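Thank you all for making time this morning.

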Amino acid sequence: MKIEQVFERNKNSTSCDLGEPYIIAEAGVNHEGDLDTAKLQIEQAADSGCYAIKFQTYKADKIASKDSPYYWDLKEEPTESQYQLFKKYDKFWKKEYEALKVHCDKHNIEFLSTPFDTESFDFLNDLMPVIKVSSSDLNNLPFIDYMCRKGGKPILLSTGASYLWEVQRTLELIDSYGLDTCLMHCVLNYPTPDEHANLGMMLDLKKHFPEKVLGYSDHTLPKEMETLLTSYTLGAQIIEKHFTHDKSLKGNDHYHSMDKNDMIVFNKKLDALMAKMGRYDKTVLNSEQKSRANARRSLIAAVDIEKGTMIELKHLTWKRPASGISPELIEDLVGRVTTRNIENDTVLQWDMFQKT
């Protein structure tokens, strides 16, 4: 599946059928500056069923001042300065990302990377089908304006740590360029405890922006992947989850990332869930036809009725099966005259009556 298909599906859908979700493996900088590791992550993400892998592209001196405080779990990542943390992982630039794009193409998985400055956006734009805007940049309107104007592509807008009015304001800017948008619910907390996932916020986004694609960017611990499954049932068509080749590694985002085995578990559970959800248009299933015929009711003679009798309500009751006149047509039957004698408990048919 290509990400452009998700946006087309959202435009053309006439039902609440979500279809299969588009899964993005958020590798971020879990490659830790090693190109071979990044390529391995691409291969594992593709093999496990992800449709895209996303990296993060920045330079420490462009994204954070040197006194920027931390906002992550220091037990997992002890670096207390954003600048110092970003400095560890800002080795990749244009040449490396072009090589990763080629590797993605080779393994039939879409390449994405979140730009954090205009210079990185300028070279990433030619490599990606969509533009990802980090929650941290939701209010960075001049940067978003630059990307919309120069990119002209659909926007994946993460909405962590934002008020609804801020989402509305940013959407007005994006909409002024006529660009498709996926609103991705996100909790900007690393890691996010399950009880803080607040997946219900997705319903508020859908209520206020029903025409937008709904998505979810997850920071909870993988566990049994139930958070992702729940996000899907609430309407997420694009799901982003941090990804690593080795969850035992210390620091950065490894500790709250899924790996290929987690993704395989998710896909098995997703297949089972989609099988249970079945079709989305309300209709009678083939497996219900026998029950429909035998468990529904017909109008039944409540007493013996002589030929020539004008039918009144007192002559009628309703019982199973549904092989006779439906109870919903009782008013059409009342006032007609019997053309034969009818015994008590007979399933009534139209040829037993005539209009007066």
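**Pockets, strands and core**

The lining of the second largest pocket is made up of seven nonpolar, six polar and three charged residues. Please keep in mind throughout that this is a predicted model. The volume of that second largest pocket comes to about 250 Å³, and of the 16 residues that line it, the ones nearest its centre are N10, C16, L18, K206 and Q237.

Let me move to the largest pocket, which holds about 700 Å³ of space. Its lining takes in 33 residues, with Y71, F86, F116, S136 and Y190 lying nearest the centre. Two or more lining residues come from each of β2 (52–57), α3 (60–63), α4 (82–88) and β8 (238–242), and among these elements α4 gives the most, with three residues.

For β2, six of its six residues are buried. A52, K54 and Q56 point one way from this strand, while I53, F55 and T57 point the other way, and all of them are buried. β2 pairs with β1 (residues 22–28) in the parallel sense over four bridges, and within that pairing K54 is the bridge partner of E26.

The other strand is β8, where five of its five residues are buried. Here I238, E240 and H242 point one way and I239 and K241 the other, again with all of them buried. Which strand does β8 join through five bridges? That is β1, and the two run parallel, with I23 standing opposite I239. β8 also pairs in the parallel sense with β7 (residues 213–218), over four bridges, and in this case Y216 is the residue that stands opposite I239.

As a general point, nonpolar side chains tend to be buried together in soluble globular proteins. In this model the largest nonpolar core has 72 residues, and those that touch the most other members are I53, F55, Y97, F111, L156, I238 and F266. F266, setting aside its neighbours within four places in sequence, is in contact with I23, M225, L228, L229 and I239.

Next, a helix: which residues of α7 (residues 141–151) are buried? They are F143, I144, Y146, M147, C148 and G151. What covers these buried residues includes β3 (110–115), α6 (118–124), β4 (131–133), β5 (155–158) and α8 (164–175). Just after α7 comes G152, which takes a positive phi of about 60 degrees.

I will finish with a residue in a loop, namely E288, which sits between α11 (260–277) and α12 (289–295). Is E288 buried or partly exposed? It counts as partly exposed, because its relative accessibility is 35%, and that class covers values between the 20% limit for buried and the 50% limit for exposed. As for its place in the fold, the C-alpha atom of E288 is separated by 28 Å from that of G235, a residue 53 places away along the chain.

How values were computed:
Residues are numbered from 1 along each chain as its sequence is written. This is a predicted model: local features need pLDDT of at least 70, side-chain atom pairs count only at pLDDT 80 or more; totals for chains, interfaces and linings use all residues. Side-chain values use heavy atoms; hydrogens and water are left out. A nonpolar core is a set of buried Ala, Val, Leu, Ile, Met, Phe, Trp, Tyr and Cys residues joined through side-chain atoms within 4.5 Å. Buried means under 20% relative accessible area, exposed over 50%, partly exposed in between (1.4 Å probe, protein chains only). Contact means heavy atoms within 4.5 Å. On a 1 Å grid over the protein atoms alone, a cavity is a set of points where a 1.4 Å probe fits but cannot get out, and a pocket is an open set with protein on both sides within 12 Å along at least five of seven lines; lining residues have an atom within 4 Å of a point. Grid points are joined across faces, edges and corners, and a volume is the space filled by probe spheres set on the points. Ala, Val, Leu, Ile, Met, Phe, Trp, Tyr, Cys and Pro count as nonpolar, Asp, Glu, Lys and Arg as charged, and the others, Gly among them, as polar. Two strands pair if DSSP finds at least two bridges between them.
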